[in-house]
Structure formats: C-alpha cells, structure tokens
Amino acid sequence: MFRWQQAEGKRHALDEPFAPRPGETFTALCGAEVTVARSDVPQLGGHWFDPTCTDCADEWLRREGRARSSDGRCLA
Ligand SMILES: [Zn+2]
C-alpha cells in the first residue's frame with residue numbers, strides 16, 4: 001500500500017502498511033533513505049508544508065499503472 005510521508009524536507013511516498021514513526025528511517029519510492037522527524041507527523045503537531053517529491057509521484061504512478069495493467073490481463 002502506497003502512502004505519503006514527509007521526511008527531510010520533502011513529501012515522499014513509501015510502500016508500507018503503516019506510517020513510519022519519528023526517528024524511523026524508510027526507503028522512499030524514489031530510492032532515497034530518509035528519517036522521519038517529529039515535525040513530519042501531523043498527529044504530533046507537525047505540518048506537511050514540504051513540497052511533494054516528484055520522483056516519488058512518478059514512481060507511484062508507474063507502479064499503479066503496472067498493477068492495473070496486470071490485473072486486467074487475461075492469463076487463461
Ligand atoms: Zn521521494
């Protein structure tokens with residue numbers, strides 16, 4: 001499951017069932033390894049003011065498109 005997570009100055013996307021917590025490092029869809037700060041978590045009073053990582057957005061669309069096309073393929 002893809003989700004957005006702000007970390008280290010950008011809003012990255014990741015493929016994880018749960019959102020990372022402050023202090024945790026995750027590998028974004030764009031390949032960057034970033035660590036989440038407390039100010040990156042809206043539930044803890046943070047704000048997502050950072051710009052979206054365009055590489056993550058592209059990768060998200062690419063993976064979604066691939067998933068959709070394989071779902072629609074008839075393998076029988
Ligand atoms: Zn990214």
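Author: Happy to! Let's begin at proline 17, which sits in the loop between strand 2 and strand 3, the latter covering residues 25-27. Keep in mind as we go that this is a predicted model.

Is proline 17 buried or exposed? It counts as exposed, because its C-beta has 6 C-beta neighbours inside 10 Å, and the cut-off for being exposed is 12 or fewer.

Now let's step along the chain to another loop. Alanine 32 lies between strand 3 and strand 4, where strand 4 is residues 33-35. Proline 17 and alanine 32 are 15 residues apart in sequence, and their C-alpha atoms are 18 Å apart in space. Alanine 32 is partly exposed, because 15 other C-beta atoms lie within 10 Å.

Strand 2 pairs with strand 1, residues 2-7, in the antiparallel sense, over 6 bridges. Phenylalanine 2 has aspartate 15 as its bridge partner in strand 2, and glutamine 5 has histidine 12.

Strands 1 and 2 form a hairpin with 2 residues between them. Glutamate 8 is in that turn, and its phi is positive, about 50 degrees, although glutamate 8 is not a glycine. How exposed is glutamate 8? It counts as partly exposed, because it has 16 C-beta neighbours inside 10 Å.

Setting aside neighbours within four places in sequence, alanine 7 is in contact with His12, Val34, Thr35, Val36 and Asp40. Alanine 7 also belongs to the largest nonpolar core, which has 9 residues: Ala7, Ala13, Leu14, Ala28, Val34, Val36, Cys53, Cys56 and Trp60. Strand 2 (10-15) and helix 1 (54-71) each supply at least two residues of this core.

Finally, let's zoom out to the whole chain. The protein chain has 1 helix and 4 strands, and from the N terminus on they run β-β-β-β-α. Of its 76 residues, 17% are buried. Among contacts between residues at least 6 apart in sequence, 40% join residues at least 24 apart. What about the overall dimensions? Along its principal axes, the C-alpha trace spans about 50 × 20 × 20 Å. The radius of gyration is 14 Å, whereas a compact globule of 76 residues would have one near 11 Å.

After that, return to glutamate 8 in the loop between strand 1 and strand 2.

Conventions:
Residues numbered from 1 in each chain as written. Predicted model: local features only at pLDDT ≥ 70, side-chain atom pairs only at ≥ 80, totals over all residues. Core = buried A, V, L, I, M, F, W, Y, C linked by C-beta atoms within 7 Å. Buried ≥ 20, exposed ≤ 12 C-beta atoms within 10 Å, placed from the backbone. Contact = placed C-beta atoms within 7 Å. Rg over C-alpha atoms; globule rule 2.2 N^0.38 Å. Pairing = 2+ DSSP bridges.
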